[in-house]
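This briefing covers selected features of a predicted model. The points are grouped by topic and follow the display below.

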Amino acid sequence: MSIIIIASDTAEIEHSIAQKVAAAMDYQLLDRRILEDTAKKYQIDPGKLADAMKTTPSLFKSLSSGQWRYLLACVEAHVLDRLLADKIVCCGLSAHLYVTGVSHALNVRILSGDDSQSEKERENRLQQRKKWSMAAYNEDETELSRYDLVINLDQIDPAEAVKTITGAAGYRKFQVMTYSMKCLSDLALAARVNVALLKTMTDISVQARDGSVIVSTKAGNRQKRKKVETIKELAGKVEGVRYVEVHVKKNLLGVTTG
Amino acid sequence: MQKTLEVLLLDDEPIVGRRLKPALDKIGCHVEVFENPKQAVARINEKEFDIVVTDIRMEEMNGIQVLEHVQAKWPRTRVILITGYAKMDLAREAMGKGVFDFIAKPFRPDDLRQIILNAAESLGISVDKPSGITEPVEP
């Protein structure tokens, strides 16, 4: 049993391979269809959610940086909760950028082999994804060394790619263990807390371990005490949280960020 | 098949053995505790344990070497690694080498008991179910 996360610079190819891998392994496919559920769960506009998954905020767009981060946090929390079920193939949800350090998650990158795109179009698309992933998670998704398996469809047929992925997923090193499940549930808890805080705040970073949560944030001297209290109150209400610690860095601009 | 589960527990921190032995005794395990890996390996050479629980980072011999030794001598024995320095690469290495399970310290004795139960089940041995939550074991 494991989680297989498939990413590509071409959404159609990513989805097609993920679908085939899920069918071959009798795993559940987790894809963008869950965004509807995410929108309902967090009472947000599904259109904005889909937009947040591909664009970055700017002065010229209606989506502020804070809103954008909140929307991404909602997707992340929802996906991580679903991944706890295991035996899942995940695509289209950028899970390769936030499911990190989980040994039973096999991260696969498919290099497109899409003949309909010119070299320039392909390069533009890669640059867009790089920009988005860096802005969203400070990770360059086009950096191939961050994947466990990279398959070039210019050289490998899709059917062979599916066989290669299912074969790799069967390796013992990608099997579930107590430690890897704990890493995943810690990520899921941190993501839930992140959502609870980002609804009304910015400059939040959350880590969780075994029900203990560390929240890092920024605040000016005047706001510090109130912000810590608010964070403790909001995070403490999240199911699974037993202890909250808040680390505050001085906001040098003196601007309130929450 | 109901039988006493023979467990060897190896950790160079004496407190780990002191805390875990009673917890495993409660589910009917017969536990031999070692703090020195070489002494543990000498005992493994003499006796086939059902389960070996070992720390990874120890002087003289690490847990992966203990795992390899157990596998060469007693392929049926299930090996469980415990460590205060868990990382994904190490977890994958251990899993790839055939460890039964891998758990990061600190953990609750109940967590280890559940893994022991799973290992026993994989060997076709039934043991008593654990009861009660106990304090975490520190690295």
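In chain B, strand β3 (residues 51-55) and strand β4 (residues 78-83) run parallel to each other and are joined by five bridges. Within this pairing, D55(B) has I82(B) of β4(B) as its bridge partner.

**Sheet of chain B**
- The open sheet is built from five strands in the order β2-β1-β3-β4-β5, with parallel pairing.
- From one strand to the next, the twist averages 20 degrees.
- Helix α1 (residues 14-25) of chain B packs on the sheet and touches β1 (5-10), β2 and β4 of chain B.
- The direction of this helix makes about 170 degrees with that of β2(B).

- E14(A) belongs to helix α1 of chain A, which spans residues 11-25.
- Although E14(A) is buried, it has no salt bridge.
- R109(A) provides the nearest side chain of opposite charge, 5.8 Å away from E14(A), whereas a salt bridge requires a nitrogen-to-oxygen separation within 4 Å.
- Leaving aside residues up to four places away in sequence, E14(A) touches I6(A), A7(A), S8(A), C91(A) and G92(A).

**Domains of chain A**
- The domain assignment divides chain A into domain 1 (3-174) and domain 2 (200-250).
- The centres of domain 1 and domain 2 of chain A, taken over C-alpha atoms, are separated by 29 Å.

Key
Residues numbered from 1 in each chain as written. Chains lettered and ligands numbered in written order. Predicted model: local features only at pLDDT ≥ 70, side-chain atom pairs only at ≥ 80, totals over all residues. Heavy atoms only, no water. Helix = DSSP H or I, 4+ residues; strand = E, 2+ residues; numbered from the N terminus. Buried < 20%, exposed > 50% of the residue type's maximum accessible area, 1.4 Å probe, protein only. Lys, Arg positive; Asp, Glu negative; His and termini not counted. Contact = heavy atoms within 4.5 Å. Pairing = 2+ DSSP bridges. Axes fitted to C-alpha atoms, helices over the stretch in contact; angles between N-to-C directions. Domains from an automatic or database assignment.
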